[in-house]
Amino acid sequence: MSLNVEAPRPMGTAAPTELRGDRLVGGSLLLVAALLFGLQILAGHVIPPLAIFGAVTVVLGGVTLRRSPRWLLIVDALVVLVYLVGSTPFMAANLAHPESPGSFLAEVFILLAFLTVLAGVVLRLRGAGALARRRVVVGVAAVAVVATIGSLVAAAAVDTEARQDGDIAIASDRSLFPSEVEMPAGDAVLWLDNRDPFHHTFLIDDTDIRAVMPASSSVRIPVDLAPGSYRFWCDVPGHESMEGVLHVR
Ligand SMILES: [Cu+2]
């Protein structure tokens, strides 16, 4: 059993609970903002929905750290729920690829920070004590450590294939493919070089070719294409701008 002894306040200055800031909720929101901005730095370009949401969480987090009336806690929780619902397809795609730490860990940490916000709001509204909050922090930290180790181990196990003579190179860099690539018709090998910390996929229209490109690795895929122009692209949600045309002659 522990005793929580607080210094006595002078008469007339006792702050109602809801006027005190909530460090767990406010801090977690600021952490989300930092992760969203970090993700865009890793991507090498601004991702408008993430930039807008990052700005919203900075404001909410900053205010919640100072004051945490009920209505604000409820707004915090609703904003988090809206983001979680809206980003489900992106989260699912990134969480399915632990071998690509840039996207996997960013997604895990954002998800954990969001769950901490929700847990913090519930605990605060129910008037829970410091011990319950500490348990949330310890639980979240433990999951974060396990996810980090698991992702780094999975990334180290990825086979990366060196480019060989005659291979046609197609690189993804800052989540972009080259807009045009030329190659001969018939048997050939594509060397797909992923320079990003995120995973990508490589598909060619009108064929059943689909390859996964783990982060910071390269893979060789054999193809046999008739002359013509084919669109190639990445089908990871949010990577719609990753496409180019393969001119087969
Ligand atoms: Cu992609």
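**Cores, sheet and domain contact in a predicted model**

A: In this predicted model, Ala113 touches Ser28, Leu31, Val32 and Leu35, leaving aside residues up to four places away in sequence.

Q: Which residues touch the most other members of the largest nonpolar core?
A: Val32 and Ala113 do, in a core of 27 residues.

Q: And which elements give two or more residues to this core?
A: They are α1, α2 (48-66), α3 (70-86) and α5. Of these, α5 gives the most, with eleven residues.

Q: What does a second, separate core include?
A: That core has eleven residues, among them Ile170, Met213, Val236 and Leu246. As a general point, nonpolar side chains tend to be buried together in soluble globular proteins.

Q: Changing topic, how is the protein divided into domains?
A: Domain 1 covers 17-156 and domain 2 covers 168-248. The C-alpha centres of domain 1 and domain 2 are 33 Å apart.

Q: How many residues does the contact take from each domain?
A: Domain 1 provides 14 residues and domain 2 provides ten residues. On the side of domain 1 that touches domain 2, the elements giving two or more residues are α1 (23-43), α4 (88-95) and α5 (101-125).

Q: How do the residues of that side of domain 1 divide into nonpolar, polar and charged?
A: Seven are nonpolar, six are polar and one is charged.

Q: What about the sheet: in which order do the three strands come?
A: The order is β1-β3-β6, in an open sheet with mixed pairing. β1 (168-172) and β6 (217-225) each have a single partner strand, so one side of each has no neighbour in the sheet. On average, neighbouring strands of this sheet are turned by 25° against each other, with direction ignored.

Q: Do β1 and β3 run parallel or antiparallel?
A: They run parallel, and five bridges join β1 to β3 (residues 186-194).

Q: Where is Ser175 found?
A: Ser175 is in the loop between β1 and β2 (180-183).

Q: Is Ser175 buried or exposed?
A: Ser175 counts as buried because it has 21 C-beta neighbours inside 10 Å, and the cut-off for a buried residue is 20 or more.

Q: What does Ser175 touch?
A: Leaving aside residues up to four places away in sequence, Ser175 touches Ala43, Asp196, Phe198, His239 and Met242.

Q: And what separates the C-alpha atoms of Ser175 and Ala215?
A: They are separated by 11 Å, and the two residues are 40 residues apart along the chain.

Technical notes
Residues are numbered from 1 along each chain as its sequence is written. This is a predicted model: local features need pLDDT of at least 70, side-chain atom pairs count only at pLDDT 80 or more; totals for chains, interfaces and linings use all residues. Domain bounds come from an automatic or database domain assignment. Two residues are in contact if their C-beta atoms, placed from the backbone, lie within 7 Å. Helices (H or I, at least four residues) and strands (E, at least two) are DSSP runs, numbered from the N terminus. Ala, Val, Leu, Ile, Met, Phe, Trp, Tyr, Cys and Pro count as nonpolar, Asp, Glu, Lys and Arg as charged, and the others, Gly among them, as polar. Two strands pair if DSSP finds at least two bridges between them. Axes are lines fitted to C-alpha atoms, for helices over the stretch in contact, and angles run from 0 to 180 degrees between N-to-C directions. A nonpolar core is a set of buried Ala, Val, Leu, Ile, Met, Phe, Trp, Tyr and Cys residues joined through C-beta atoms within 7 Å. A residue is buried if 20 or more other C-beta atoms lie within 10 Å of its own, exposed if 12 or fewer, and partly exposed in between; C-beta atoms are placed from the backbone.
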